[in-house]
Amino acid sequence: MIETLQSLFKRDLLQLKAEIEAYQSEENIWKTAQQISNSAGNLCLHLIGNLNYYIGTTIGNSGYVRDRPAEFSKKDVPRTELINMIEDTIVVLNNTLNSLQDNDLKKEYPLVVFEDKMSTEFFFTHLTTHLGYHLGQINYHRRLLDN
């Protein structure tokens with residue numbers, strides 16, 4: 001399961017990097033319009049913060065300090081900085097997951113994130129779907145607003 005999680009996180013984070021790189025205009029990364037309230041840049045910051053906190057800090061003791069409100073309020077972070085943050089997140093996730101054994105995934109996740117306790121495996125699986133959900137939003141954002 002650890003190898004599966006590593007593969008999925010790496011695949012989708014590399015796709016996130018490709019989406020950010022694919023914007024024709026860097027300014028468009030930060031556009032919003034009509035009922036699209038979150039820019040691709042803010043969704044990218046949110047994914048980076050989410051994964052670094054819930055995996056890197058909580059399980060890997062990386063020391064990352066999350067500022068969730070800033071994930072949605074920061075604007076105009078340079079594309080190169082976003083890309084570096086994505087690449088750093090891949091490293092943090094790989095290092096953390098490499099430090100685990102499969103039986104660690106069966107243990108209770110140390111934080112109550114939803115209403116009830118859950119296994120680390122369940123929550124990490126949730127995080128892969130959360131990443132995929134926002135990655136799809138970013139793809140649509142780029143195709144709709146980057147013209």
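**Questions and answers on the model**

Student: D76 lies in the loop between α3 (68-73) and α4 (79-98). Is D76 buried or exposed?
Tutor: This is a predicted model, in which local features need pLDDT of at least 70, side-chain atom pairs count only at pLDDT 80 or more, and totals for chains, interfaces and linings use all residues. Residues are numbered from 1 along each chain as its sequence is written, and side-chain values use heavy atoms, with hydrogens and water left out. Buried means under 20% relative accessible area, exposed over 50%, and partly exposed in between (1.4 Å probe, protein chains only). D76 has a relative accessible area of 58%, so D76 is exposed.

Student: What is phi of D76?
Tutor: Most residues other than glycine have a negative phi. D76 is a residue other than glycine with a positive phi. The value is near 60°.

Student: Where is Q34 placed, and what is its phi?
Tutor: Q34 is exposed, with a relative accessible area of 85%. Helices are DSSP runs of H or I with at least four residues, strands are runs of E with at least two, and both are numbered from the N terminus. On that numbering, Q34 sits in the loop between α1 (2-22) and α2. Its phi is again positive in a residue other than glycine, near 45°.

Student: Which residue makes a side-chain polar contact with N52?
Tutor: N52 is in helix α2 (residues 40-57) and is buried, at a relative accessible area of 6%. A polar contact is a pair of N or O atoms within 3.5 Å; within protein, one must be able to donate a hydrogen and the other to accept it, and residues adjacent in sequence count only if both atoms are side-chain atoms. Here the contact is 2.8 Å, and the partner of N52 is T89.

Student: Which residues is N52 in contact with, leaving aside neighbours within four places in sequence?
Tutor: Contact means heavy atoms within 4.5 Å. By that cut-off, N52 is in contact with T57, S62, Y64, T89 and V92.

Student: What is the length of the polar contact between the side chains of E71 and R66?
Tutor: E71 lies in helix α3 and is buried, with a relative accessible area of 4%. Beyond four places in sequence, E71 touches N42, L45, H46, G49, N50 and R66. The polar contact joining the side chains of E71 and R66 is 2.7 Å.

Student: What is the volume of the largest cavity?
Tutor: On a 1 Å grid over the protein atoms alone, a cavity is a set of points where a 1.4 Å probe fits but cannot get out, and a pocket is an open set with protein on both sides within 12 Å along at least five of seven lines; lining residues have an atom within 4 Å of a point. Grid points are joined across faces, edges and corners, and a volume is the space filled by probe spheres set on the points. The lining of the largest cavity consists of Q6, F9, K10, L13, I90, L93, N94 and L97. The space inside is about 40 Å³.

Student: Which element gives the largest share of the lining of the largest pocket?
Tutor: This pocket holds about 220 Å³, and its lining includes N52, E71 and T89. By class, the lining has five nonpolar (Ala, Val, Leu, Ile, Met, Phe, Trp, Tyr, Cys and Pro), four charged (Asp, Glu, Lys and Arg) and three polar residues (the others, Gly among them). At least two lining residues come from each of α2, α3 and α4. The largest share, four residues, comes from α2.

Student: How far apart in space are I83 and L16, C-alpha to C-alpha?
Tutor: I83 is in helix α4 and counts as buried, at 11% relative accessibility. Not counting residues up to four places away in sequence, I83 touches K17, I20 and E21. I83 and L16 are 67 residues apart in sequence, and their C-alpha distance is 8.8 Å.
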